[in-house]
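Welcome! Please take a moment to look over the sequence and the 3D structure below before reading on.

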Amino acid sequence: MILGCHVSMKEPKMLLGSAQQAVSFGANTLMIFTGAPQNTHRKPLDQMNISAAHQYLKQHQIHHLLGHAPYIINLANNKDEAKYHFAIDFLKAEVHRCDALGIEAVSLHPGAHVGLGVDVAIKAIAAGLDEILKTRPQVHIALETMSGKGTEVGTTFSQLARIIDQTPHNDNLSVTLDTCHLNDAGYDVKQDFDGVLREFDQIIGLQRLAMIHLNDSKNPLGAHKDRHANIGFGTIGFAALNYVCHHPQLTAIPKIMETPYVPLSSNPHHKQAPYLEEIKMLRAQKFDKELLRRLSIP
């Protein structure tokens with residue numbers, strides 16, 4: 001089982017620190033932002049501790065390093081030409097940065113159409129992606145399934161399939177399944193994940209699946225919101241997420257948790273990552289609140 005979490009990347013250790021943090025949680029995969037998700041500031045690559053990080057990953061038998069594109073990229077909005085070309089250029093730089101870091105796939109929110117309509121947005125996303133992918137990067141761009149809040153694009157498998165089909169250089173175009181987003185978009189992960197996976201395979205194809213974001217949801221099915229919950233503490237529940245995690249068709253697919261940090265029982269003002277406990281539960285295939293006794297999950 002390839003199971004890990006989203007970890008930070010901070011000075012001075014940078015990528016090496018990210019790898020060490022993931023190992024401390026018992027993870028055998030990890031996902032990072034290459035820099036702050038809400039701005040364009042990026043550290044020079046020679047400050048990222050890349051060689052030492054990859055040596056450490058190899059020592060701990062971690063073979064899947066994943067990335068997440070910054071939220072400021074919106075390829076769906078070509079109303080403002082300057083902003084649209086900025087999104088293309090910045091994502092192109094991020095993709096080549098991912099190559100330098102050794103990231104195998106980078107998850108990308110497809111974007112929001114801001115009133116232009118889904119059809120216009122899909123065409124704009126595909127054109128922007130093609131500008132990047134025709135440069136033949138090694139990393140895969142993995143379009144993430146979205147919950148459908150606001151004017152988000154990518155809330156259905158058919159929308160993602162249309163983006164892929166309209167992108168000529170699509171060999172390295174993949175998909176990220178986010179269980180919280182799927183639930184909130186109306187896909188019944190809790191009661192019929194096999195049906196959801198079958199529909200995905202029929203419309204897009206399992207060969208396009210790069211990663212799974214394994215998150216519970218604070219929202220009911222089809223709420224079209226996006227509020228992650230800790231594993232077993234949301235509306236999807238532990239049993240369904242454990243089923244996804246151990247699904248025989250998904251053995252080779254990395255699963256990444258992006259669950260909320262939670263307050264310590266001893267100090268509610270201090271929040272801590274729950275990944276060590278969540279990974280233990282999923283590996284044991286048992287929901288055990290005692291593993292979370294030092295945390296106070298609302």
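This is a predicted model: local features need pLDDT of at least 70, side-chain atom pairs count only at pLDDT 80 or more; totals for chains, interfaces and linings use all residues.

Residues are numbered from 1 along each chain as its sequence is written, and side-chain values use heavy atoms, with hydrogens and water left out.

Let us start inside. A nonpolar core is a set of buried Ala, Val, Leu, Ile, Met, Phe, Trp, Tyr and Cys residues joined through side-chain atoms within 4.5 Å; buried means under 20% relative accessible area, exposed over 50%, and partly exposed in between (1.4 Å probe, protein chains only). The largest such core holds 81 residues, and Leu75, Leu91 and Leu214 are among those with the most contacts inside it. Its main contributor is helix H3 (residues 81-101), which gives eight residues. Helices (H or I, at least four residues) and strands (E, at least two) are DSSP runs, numbered from the N terminus.

At the start of H3, a side-chain oxygen of aspartate 80 comes within 3.0 Å of the backbone nitrogen of alanine 82. Just after H3, glycine 102 has a positive phi of about 85°.

Next come the salt bridges, each a side-chain nitrogen of Lys or Arg within 4 Å of a carboxyl oxygen of Asp or Glu. By this rule there are six, including these:

| Pair | Closest N to O |
|---|---|
| Arginine 42 and glutamate 94 | 2.9 Å |
| Aspartate 119 and arginine 162 | 2.7 Å |

Aspartate 119, by contrast, counts as exposed at 53% relative accessibility, and arginine 162 as partly exposed at 32%. Lys149, Glu152 and Asp226 are linked in a network of salt bridges.

Finally, is threonine 179 buried or exposed? Threonine 179 counts as buried because its relative accessibility is 1%. This residue is part of helix H6 (residues 179-185). Setting aside residues up to four places away in sequence, threonine 179 touches residues including Val189, His213 and Leu241, where contact means heavy atoms within 4.5 Å. The C-alpha atoms of threonine 179 and histidine 213 are 6.3 Å apart, although 34 residues separate the two along the chain.

Conventions
A polar contact is a pair of N or O atoms within 3.5 Å; within protein, one must be able to donate a hydrogen and the other to accept it, and residues adjacent in sequence count only if both atoms are side-chain atoms.
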